[in-house]
Amino acid sequence: MGCRFLNRKFVMLTICFALAFIIHSCKTKNELIIEKSGAQLWGENCGRCHNTPDPTTYTDEKWETVAMHMKVRANISSKEIVLIKEFLKSANGD
Ligand code: HEC
């Protein structure tokens with residue numbers, strides 16, 4: 001009797017751990033999906049108010065200024081504007 005009870009408790013514990021593990025791994029996956037690339041952020045954010053600007057329009061130096069300007073205008077987070085800037089600079093052929 002006592003032994004069977006212990007067994008059941010052990011099974012319950014195992015299920016709890018398994019569930020905790022599954023929930024935890026789901027959370028990690030969601031975080032990965034949220035992490036977007038600079039190109040993706042550029043496509044989603046920079047075409048909201050005007051046409052999406054072509055990366056080749058400006059030099060690296062000018063993109064710095066424009067990005068600062070548009071960060072304030074568009075209320076883009078510091079982390080995201082850095083990714084967008086990196087994309088614009090990498091794609092302008094400078
Ligand atoms: C909330 C609206 C809005 C969003 C979103 C936005 N812009 Fe703009 N953008 C403007 C406005 C308005 C202007 C006209 C200049 C001004 O008065 O600020 C402009 C002008 C520009 C110009 C012309 C040069 C300049 O600085 O005036 C460039 C290039 C530009 N935006 C790039 C971008 C990029 C890159 C993004 C994405 C990070 C972006 N914009 C997102 C509103 C926006």
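Mentor: In this discussion, helices (H or I, at least four residues) and strands (E, at least two) are DSSP runs, numbered from the N terminus. The model is predicted: local features need pLDDT of at least 70 and side-chain atom pairs count only at pLDDT 80 or more, while totals for chains, interfaces and linings use all residues. Residues are numbered from 1 along each chain as its sequence is written.

Trainee: What pattern does the protein chain follow when read along the sequence?

Mentor: The protein chain has 4 helices and 0 strands. Read from one end of the sequence to the other, its pattern is α-α-α-α.

Trainee: Which residues of H4 are buried?

Mentor: A residue is buried if 20 or more other C-beta atoms, placed from the backbone, lie within 10 Å of its own, exposed if 12 or fewer, and partly exposed in between. In the protein chain, buried residues make up 7% of the 94 residues. Within H4, the buried residues are Ile-84, Lys-85 and Leu-88.

Trainee: Why do the buried residues of H4 line one face of the helix, and within what arc do they fall?

Mentor: An α-helix has 3.6 residues a turn, so residues three or four places apart point the same way. The buried residues of H4 pack against H2 and H3. Taking the directions from the helix axis to the C-beta atoms, the buried residues of H4 line one face because they fall within an arc of 100°.

Trainee: How far apart are the end C-alpha atoms of H4?

Mentor: The expected span of a helix is 1.5 Å times one less than its number of residues. H4 has 13 residues and should therefore span 18 Å, which agrees with the distance between its end C-alpha atoms, 18 Å.

Trainee: Is Thr-59 buried or exposed?

Mentor: Thr-59 lies in the loop between helix H2 (38–45) and helix H3 (60–74). Beyond its neighbours within four places in sequence, Thr-59 is in contact (C-beta atoms within 7 Å) with Asn-92 and Asp-94. Because Thr-59 has 12 C-beta neighbours inside 10 Å, it counts as exposed.

Trainee: What is the phi of Asn-75?

Mentor: Asn-75 is found in the loop between H3 and helix H4 (78–90). With 8 C-beta neighbours inside 10 Å, Asn-75 counts as exposed. Its phi is positive although the residue is not glycine, with a value near 55°.

Trainee: Which helix gives the largest share of the shell around the ligand?

Mentor: The ligand is surrounded by 13 residues (C-beta atom within 6 Å), the closest being Cys-46, Arg-48, Cys-49, Met-70 and Ala-74. The largest share of this shell, 5 residues, comes from H3.

Methods: Two residues are in contact if their C-beta atoms, placed from the backbone, lie within 7 Å.
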